[in-house]
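Reader: I want to learn how to read salt bridges in a model. Can you take me through some cases?

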Amino acid sequence: MDEFSRFLLIAVLVLILLSWVTTGILRSLLSVAEVAGLVYCYLRVFSRDIYKRQRENAWYLQKRSAVVNWFHSLKDRWQQRKDYRFFRCPSCHALLRVPKNKGKLLLTCRKCGNRFERKS
């Protein structure tokens, strides 16, 4: 059982808990999603096509690391908010960090070389 199968199993458990607190058509839709999730999870666990399962797991780990890295950068920016201001480059959307309270600054993006003015 790999990381993606564990994630699917936890997602199915969350759907089961959600179906307990809902009623009507939403409950029946959640029940269908639960069964589909469980079937897919068990098909992945008992599959003999190991190469395909490894590719699926690698895809999941890549997506998960992108989300985790985004939260880590958000945490870092929150911790540095008293000393620095963060701006996005208007052309390539790269994140730039500049010291606070320096007045108007002419910023140069390190990624694309675009120059723009912002007040820190």
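Author: Start with one pair. This is a predicted model. The side chains of Glu117 and Lys104 meet in a salt bridge, with N and O 3.8 Å apart. The cut-off is 4 Å, so this pair counts.

Reader: Where do Glu117 and Lys104 lie?

Author: Glu117 is in strand E4 (residues 115–119), and Lys104 is in strand E3 (residues 104–108). The pair therefore ties together parts that are 13 residues apart in sequence.

Reader: Is Lys104 buried or exposed?

Author: Lys104 is exposed, with a relative accessible area of 62%. Glu117 is partly exposed, at 46%.

Reader: Now a pair within a helix. How far apart are the closest N and O atoms of Arg6 and Glu3?

Author: They are 3.0 Å apart, and the two residues form a salt bridge. Arg6 and Glu3 are three residues apart in helix H1 (residues 3–21), which means that about one helical turn separates them. Arg6 is partly exposed, with a relative accessible area of 40%. Glu3 is also partly exposed, at 29%.

Reader: What about Arg53 and Glu56: are they buried or exposed?

Author: Both are buried. Their side chains meet in a salt bridge, 3.0 Å from N to O. Both residues lie in helix H3 (residues 50–79), three residues apart, about one turn of the helix.

Reader: Which residues are linked with Arg53 and Glu56 in a network of salt bridges?

Author: Asp2 and Arg44 join them in that network.

Reader: How many salt bridges does a search of the whole structure find?

Author: Six.

Terms used: Residues numbered from 1 in each chain as written. Predicted model: local features only at pLDDT ≥ 70, side-chain atom pairs only at ≥ 80, totals over all residues. Heavy atoms only, no water. Helix = DSSP H or I, 4+ residues; strand = E, 2+ residues; numbered from the N terminus. Buried < 20%, exposed > 50% of the residue type's maximum accessible area, 1.4 Å probe, protein only.
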